[in-house]
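Please keep the structure in view while reading.

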Amino acid sequence: MLLHLSDLHFGTEIEACLDAIRLFCTQHRPEVIVVSGDITQRARYQQFYNCRQFLDSLNIPYLIVPGNHDIPLYHVWNRFFSPFTRYQYFFGQLEPTLETQHFYIVGVNSIRRRYHTRGHISIEQIQTTYERLQQGPANKIKLVVFHQPFYTPPDDEHGIKDCPVLGKMALEKWSTTGLFGMLHGHLHKTAVYDLTQIYHLEIDHPIYDIHAGTATSSRLHYHVPNSFNVISNEGKINHYWFNYDLKIFQLI
């Protein structure tokens with residue numbers, strides 16, 4: 001089982017949600033945790049520290065990529081000349097790879113200092129990620145973690161403006177590796193889309209665009225409660241929403 005968290009936004013975290021995630025991990029013992037960015041609200045030292053303490057307390061291997069909130073917004077000098085210093089101090093690599101018993105996960109840094117929200121990917125990142133995916137065992141579920149989504153529906157207020165410009169090029173390249181899906185956050189909205197159909201990829205299996213809501217933040221969008229995703233060892237995708245009365249995450 002893989003636990004997919006996103007948009008923790010430490011600095012706006014809800015303690016009851018943190019406790020509920022701890023309880024879920026104690027009861028279900030996920031194989032791995034993936035956090036698809038925005039672990040802090042304003043990239044402050046204390047927020048990174050608190051997030052690291054929380055994730056370490058779960059005693060489960062985890063992989064993280066940065067989100068647009070994880071680089072300074074108001075400290076312009078730091079934003080342009082050392083945007084990832086604090087993030088890397090606490091979490092190291094910007095593009096980690098992690099292999100577990102059932103999963104092979106590749107992280108991609110989609111954040112650029114010149115842009116506040118939009119996801120970006122370079123030709124070099126497309127090639128490097130392709131090579132990493134090629135190295136992954138064929139019998140494991142292959143996932144790429146990228147903060148911004150590769151698809152948003154036409155009626156979404158974000159529209160396509162936050163999706164990476166080279167997204168289709170990336171998917172056409174990665175689709176030949178047996179990629180199962182993409183794990184995203186950013187929109188604070190739970191959803192799953194079939195990118196094979198959306199991008200008209202010439203393959204015979206779906207590649208899923210898996211969106212996670214905010215797991216722990218009070219910054220809720222669309223009146224959707226706090227939530228996270230779970231991917232089973234067989235590739236089944238489930239969504240869990242926070243029950244504010246019972247103080248637990250429940251399968252929906």
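The points below describe a helix pair and then the salt bridges of this predicted model.

**Packing of two helices**

- Two packed helices are described by the angle between their axes and the distance between the axes.
- Helix α5 (residues 123-135) packs with helix α6 (residues 167-174) at an angle of about 20°, and their axes lie 9 Å apart.
- Because angles under 35 degrees count as roughly parallel, α5 is roughly parallel to α6.
- The crossing of these two helices, α5 and α6, is right-handed.
- On the α5 side the contact includes I123, I126, Y130 and L133, while α6 contributes M169, A170, K173 and W174.
- By class, the contact of α5 with α6 has seven nonpolar, three polar and one charged residues.

**Salt bridges**

- Side chains of opposite charge can pair when their charged atoms come close.
- The whole structure contains four salt bridges.
- R52 pairs with D56, with the closest N and O atoms 2.7 Å apart.
- Because R52 and D56 are four residues apart in helix α2 (residues 45-57), about one helical turn separates them.
- K140 forms a salt bridge with E99, the closest N and O atoms being 2.8 Å apart.
- This pair links distant parts of the chain, since K140 is in the loop between α5 and β6 (141-145) and E99 is in strand β4 (residues 97-99), 41 residues apart.
- K140 counts as buried at 17% relative accessibility, whereas E99 is partly exposed at 42%.
- E15 forms a salt bridge with R22, with the closest N and O atoms 3.8 Å apart.
- Salt bridges with shared partners join E15, D19 and R22 into one network.

Note on methods. Residues are numbered from 1 along each chain as its sequence is written. This is a predicted model: local features need pLDDT of at least 70, side-chain atom pairs count only at pLDDT 80 or more; totals for chains, interfaces and linings use all residues. Side-chain values use heavy atoms; hydrogens and water are left out. Axes are lines fitted to C-alpha atoms, for helices over the stretch in contact, and angles run from 0 to 180 degrees between N-to-C directions. Angles under 35 degrees count as roughly parallel, over 145 as roughly antiparallel, 65 to 115 as roughly perpendicular and the rest as oblique. A crossing is left-handed if the near helix is turned anticlockwise from the far one by less than a right angle, and right-handed if clockwise. Contact means heavy atoms within 4.5 Å. Ala, Val, Leu, Ile, Met, Phe, Trp, Tyr, Cys and Pro count as nonpolar, Asp, Glu, Lys and Arg as charged, and the others, Gly among them, as polar. A salt bridge is a side-chain nitrogen of Lys or Arg within 4 Å of a carboxyl oxygen of Asp or Glu. Buried means under 20% relative accessible area, exposed over 50%, partly exposed in between (1.4 Å probe, protein chains only).
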